[in-house]
Amino acid sequence: MAIKSDKWIREMALKHGMIEPFIEGQVRYHHGQKVVSYGTSSYGYDVRCANEFKVFTNIHSTVVDPKGFDKNSFVDVVSDVCVIPPNSFALARTIEFFRIPRSVLTICLGKSTYARCGIIVNVTPLEPEWEGHVTLEFSNTTPLPAKIYANEGVAQMLFLESDEICETSYADREGKYQGQKGVTLPIA
């Protein structure tokens, strides 16, 4: 299994629609303003966060249960900036839509810019033949409010290609998050 390069990522995105919309290089400035970088890197792709957020609130004092998640535990926010309360978290989605090839496992990692501020992005796999917008979770581990910027880089995707095709892909087993659009809550 090998990590894939910028050349491979570019070819798969442009010729096979693996990432849409796709940015061929690294963007560090937008309209003259410095941004958290996004786009193709040497061995990965830095994704952007859309402006749709679900910010966790404990106003209803419910129990967090992945088998019976209470959607009232979130406040919906549409904004270019999301402020996450101290010791809380928010969900968002990538701007990019992914179509993962059958021989590839993709791993989502947080960007160091946010990690250095105490904001952790969940590490999650994108399985072979999964497709959709990636739902991201941002944990604010600090005792202070923390900002996440929409339309800027928030996480990096690493693409690992196997030397053999899997017997059963995510699409084959009809995974519950297949084709997700928007911010998707836990599905039991």
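Predicted model: local features only at pLDDT ≥ 70, side-chain atom pairs only at ≥ 80, totals over all residues.
Close-up 1. Glu-96 belongs to strand β9 and Arg-48 to strand β5 (residues 44–48), and the pair links distant parts of the chain, 48 residues apart.

**Close-up 2. Glu-52 meets Arg-93.** Here the closest N and O atoms of the salt bridge between Glu-52 and Arg-93 are 3.1 Å apart. Glu-52 sits in strand β6 (residues 52–56) and Arg-93 in strand β9, so this pair ties together parts that are 41 residues apart in sequence. Glu-52 is partly exposed at 29% relative accessibility, whereas Arg-93 is buried at 13%.

**Close-up 3. Lys-4 and Glu-161.** A salt bridge joins the side chains of Glu-161 and Lys-4, at 3.0 Å from N to O. Glu-161 lies in strand β15 (residues 153–161), and Lys-4 in the loop between β1 (2–3) and α1 (6–16), so parts that are 157 residues apart in sequence are tied together. Lys-4 is buried, with a relative accessible area of 17%, while Glu-161 is partly exposed, with 23%. The salt bridges of the model come to ten.

**Close-up 4. The largest pocket.** Take a look at this pocket, which has a volume of about 390 Å³. Its lining is made of 19 residues, and Asn-122, Thr-124, Thr-135, Tyr-177 and Gln-180 lie nearest the centre. Twelve lining residues are nonpolar, five polar and two charged. Thr-124 is found in β12 and, apart from neighbours within four places in sequence, is in contact with Thr-106, Ile-107 and Cys-108.

**Close-up 5. Glu-137, a residue marked in a record.** An unreviewed UniProt entry gives Glu-137 the annotation "active site". Glu-137 is found in strand β13. Setting aside neighbours within four places in sequence, Glu-137 is in contact with Phe-89, Ala-90, Leu-91, Ile-120, Val-121 and Asn-122.

**Close-up 6. The second largest pocket.** This pocket has a volume of about 200 Å³. Among the residues that line it are Arg-28, Lys-34, Asp-46, Lys-111 and Gln-156. By class, the lining has two nonpolar, five polar and four charged residues. Strand β4 gives the most, with four residues.

Terms used
Residues numbered from 1 in each chain as written. Heavy atoms only, no water. 1 Å grid on protein atoms, 1.4 Å probe; cavity = no way out; pocket = protein on both sides within 12 Å on 5 of 7 lines; lining within 4 Å. Points joined across faces, edges and corners; volume = space filled by probe spheres on them. Nonpolar A, V, L, I, M, F, W, Y, C, P; charged D, E, K, R; others polar. Helix = DSSP H or I, 4+ residues; strand = E, 2+ residues; numbered from the N terminus. UniProt positions renumbered as here; feature names shortened; annotations may be inferred. Contact = heavy atoms within 4.5 Å. Salt bridge = Lys/Arg side-chain N within 4 Å of Asp/Glu carboxyl O. Buried < 20%, exposed > 50% of the residue type's maximum accessible area, 1.4 Å probe, protein only.
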